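Please look over the sequence and the structure before reading on.

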Amino acid sequence: KETEEVFKVKKSSYSKKIVKQLKKEYKEDLEKSKVRTEVNSPTDVEAALDKTGQIKDIGQEDGTANSEHGEEEMEVESEKEEEKPKAAGAFSSALSSLNVLRPGEIPDAAFIHAARKKRQMARELGDFTPVDSEPGKSRLVREDENDASDDEDDDEKRRIVFTVKEKSQRQKIAEEIGIEGSDDEALVAGEQDEELSRWEQEQIRKGINIPQARIYQPAEVNNLYYQNTYQTLSYGSSYGIPYTYAAYGSSENKSQKTDNTVPFKTPSNEMTPVTIDLVKKQLKDRLDSMKELHKANRQQYEKHQQSREDSTKAIERLEGSSGGIGEQYKFLQEMRGYVQDLLECFSEKVPLINELESAMHQLYKQRASRLVQRRQDDIKDESSEFSSHSNKALMAPNLESFGRDRVIYQEQVKRRTAEREARRARRRQAREQTGKMADHLEGLSSDDEETSTDITNFNMERDRILKESSKVFEDVLESFYSIDCIKSQFEAWRSKYFASYKDAYIGLCLPKLFNPLIRLQLLIWTPLEGKCRDFETMLWFESLLFYGCEEQEQVKDDADISLLPTIVERVVLPKLTVISENIWDPFSTTQTCRMVAIVQKLVDGYPTVVNAENKNTQMLLKALLLRMRRTLDDDVFMPLYPKNILENKNSGPYLFFQRQFWSSVKLLGNFLQWYGILSNKTLQELSIDGLLNRYILMAFQNSEYGEDSIKKAQSVIACFPKQWFANLKGDKTISQLENFCRYLVHLADTIYRNSIGCSDVEKRNAREHIKQIIKLLASIRALDHAVTVANDHNVKELKILIEGK
């Protein structure tokens, strides 16, 4: 080991003398690596020594011809001659101890050790030229220091597996230290070849003559080598023991290594004669074995082919059965990211949309409240001006004793009066230009004219809100605020993977998803204005109109079919609720007609949405009723004047009275326009009980009885829906109209009494008025009252009047 470590150093680090010393030490390693002969008896020892002598002779013949050892071998021979006398005495004592062992007896470790010493002494006595360069450092020293088990381990480590073409250890070491190309290269090579050949011959002779030598080569190779080289020598010719690998040492080691012995067949020198039949038989057997092998390989090949085909079919089947799961997963992941981004965008923009919508509603609400408040102030001003039982000073609010506030109040009244009269004059002038002056009655017009200042302020604020609304999505990509882009994303999902689309309840989520975008487009949508655009002609409606209506067959319970109705329910109805509660003026016939039209359109076009069970519909109807009740309580006023004041038809009180009466009749007609939307009970409660019986009948009682009263009665009855009386049974009208029917009967009696003592023309006119009253009673299905009037005044054309109602 130390020598190998030293040789790892490069050649350039050594001088020639050191190189020679290394060569000498290397020879010692070769000596120590020789295969030792192991014997079982004294006879075997002698035979081993004899064979060793033969090896020695062969070594001398080969070794004497080698003159390259030089001075180093001469020194070794001189040292051996000095130690011969000592070794002779040791040899004789060891030999005497060997004679004690009987033939066939198994020697122990001590006996084997003595035999080894004897063999070593024989070498030292000069029976053969040893290969060892330094006998003083022989294995005897090592054997004295170690026991038998250590010797055996050393032998195991030093056994050399030899082959003909393997490089020698010297060549390997020379290649490692880089000696090639040196001056003594040829010398070293020659020494290597001669020593290696001599050592191999010695080992071969040992293997031939000593059958218990350990051999590691395969049996076939060794037998072939021995037969070709030593054909005259037969195994077992001199020994009658089986050829097995022997294990030496203590009895324990023997028992442990007995199982590892390998039987060694004795080679025979006689060869089986080769014939044609034998060759044919062997070829046939080989052919049969190859056919069997080919058949097995063919079966294995067919099996693999079938397995490959089955695997290919399985792959195709699985790829076909997957239905594009990978693509679907990728698409759904993209949709998931898109929806998350869309929701994040809406979470930031929806508060801005809500603020803009609230600002717009507040703007319209302020304008409507301003108009209503102005009408109420005008009624108060006129009532206080024409009232004979009230003091103007007392009606002024918060007046001090010094009258400082009275002056301010009077100035405000004058200003409002001037503005009111100016508006009426402009409306009168407009009617004269259009030719509607003859049919117009004071109080039927809606006083909703605005000043130029109010109009300018309103337009400026509305434009500001619209400008702000255009900036809501200016920092957002079109795919996140365009209804068409968003719709196309979900349409692709629906068309490709409808099952997952349905499982995700996208049809129920889309109305809420489109809600903020639609509300932004409906920001200035107010159906009460004449120039308002119909929501069904807007871009969002046209874009979503055919969503989910592909050519394929519609799936049952498809939520996308109700996309637009759901949007109308969640967007349009709440918008109308706010308009009804804060912007709509029931006194305005134009606004009422437009409001009724849009609601009726929803009722007819979206019956599944606008029904009594829908929450948003209930909220809308509730807002409508609350607004009508508030108008009935706050805005209706009927003045009471003595008849002598009302006789002057050009006086201010008379005009004010007529204006309030006709405004009440107009409100009655506006209320009854909701027939078919609101229930009959609710309408009758509002229009008849709340307005007709409470205010209009009071005005009838203060009016003069004559043609004017009949005309007013006709206007009132014209407001009633005919469906109320079409299905009535019996001779009585609805209970709420009993007071009105009694008034008509009283009116007929009064007209008849006033005609007594008058000219025939007046009587004839009075009779015609009574017939008109009978027709009015028959039109509201009050037949009992009509018969009573006809009988009282001897009207024979009752049947004709009833049928001609």
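## A threonine and its contact

The side chain of Thr566 reaches the backbone oxygen of Ser562 at 2.5 Å. The model is predicted. Thr566 sits in helix H22, which covers residues 563–582.

Is Thr566 buried or exposed? Its relative accessible area is 15%. Thr566 counts as buried because that value falls under the 20% cut-off.

## Helix H22

H22 is 20 residues long. From first C-alpha to last, H22 reaches 28 Å. That is close to the 28 Å expected at 1.5 Å a residue.

How many residues of H22 are buried? The count is 14 of 20, so the helix is mostly covered.

## The second largest pocket

Now to the pocket. The second largest pocket holds about 820 Å³ of space. Its lining has 34 residues. Closest to the pocket centre are Arg367, Leu528, Glu529, Gly530 and Arg594.

Which helices each supply at least two lining residues? They are H14 (325–386), H17 (452–470) and H23 (589–605). H14 gives the largest share, with 6 residues. By class, the lining of the second largest pocket splits into 13 nonpolar, 10 polar and 11 charged residues.

Conventions. Residues are numbered from 1 along each chain as its sequence is written. This is a predicted model: local features need pLDDT of at least 70, side-chain atom pairs count only at pLDDT 80 or more; totals for chains, interfaces and linings use all residues. Side-chain values use heavy atoms; hydrogens and water are left out. Helices (H or I, at least four residues) and strands (E, at least two) are DSSP runs, numbered from the N terminus. Buried means under 20% relative accessible area, exposed over 50%, partly exposed in between (1.4 Å probe, protein chains only). A polar contact is a pair of N or O atoms within 3.5 Å; within protein, one must be able to donate a hydrogen and the other to accept it, and residues adjacent in sequence count only if both atoms are side-chain atoms. The expected span of a helix is 1.5 Å times one less than its number of residues. On a 1 Å grid over the protein atoms alone, a cavity is a set of points where a 1.4 Å probe fits but cannot get out, and a pocket is an open set with protein on both sides within 12 Å along at least five of seven lines; lining residues have an atom within 4 Å of a point. Grid points are joined across faces, edges and corners, and a volume is the space filled by probe spheres set on the points. Ala, Val, Leu, Ile, Met, Phe, Trp, Tyr, Cys and Pro count as nonpolar, Asp, Glu, Lys and Arg as charged, and the others, Gly among them, as polar.
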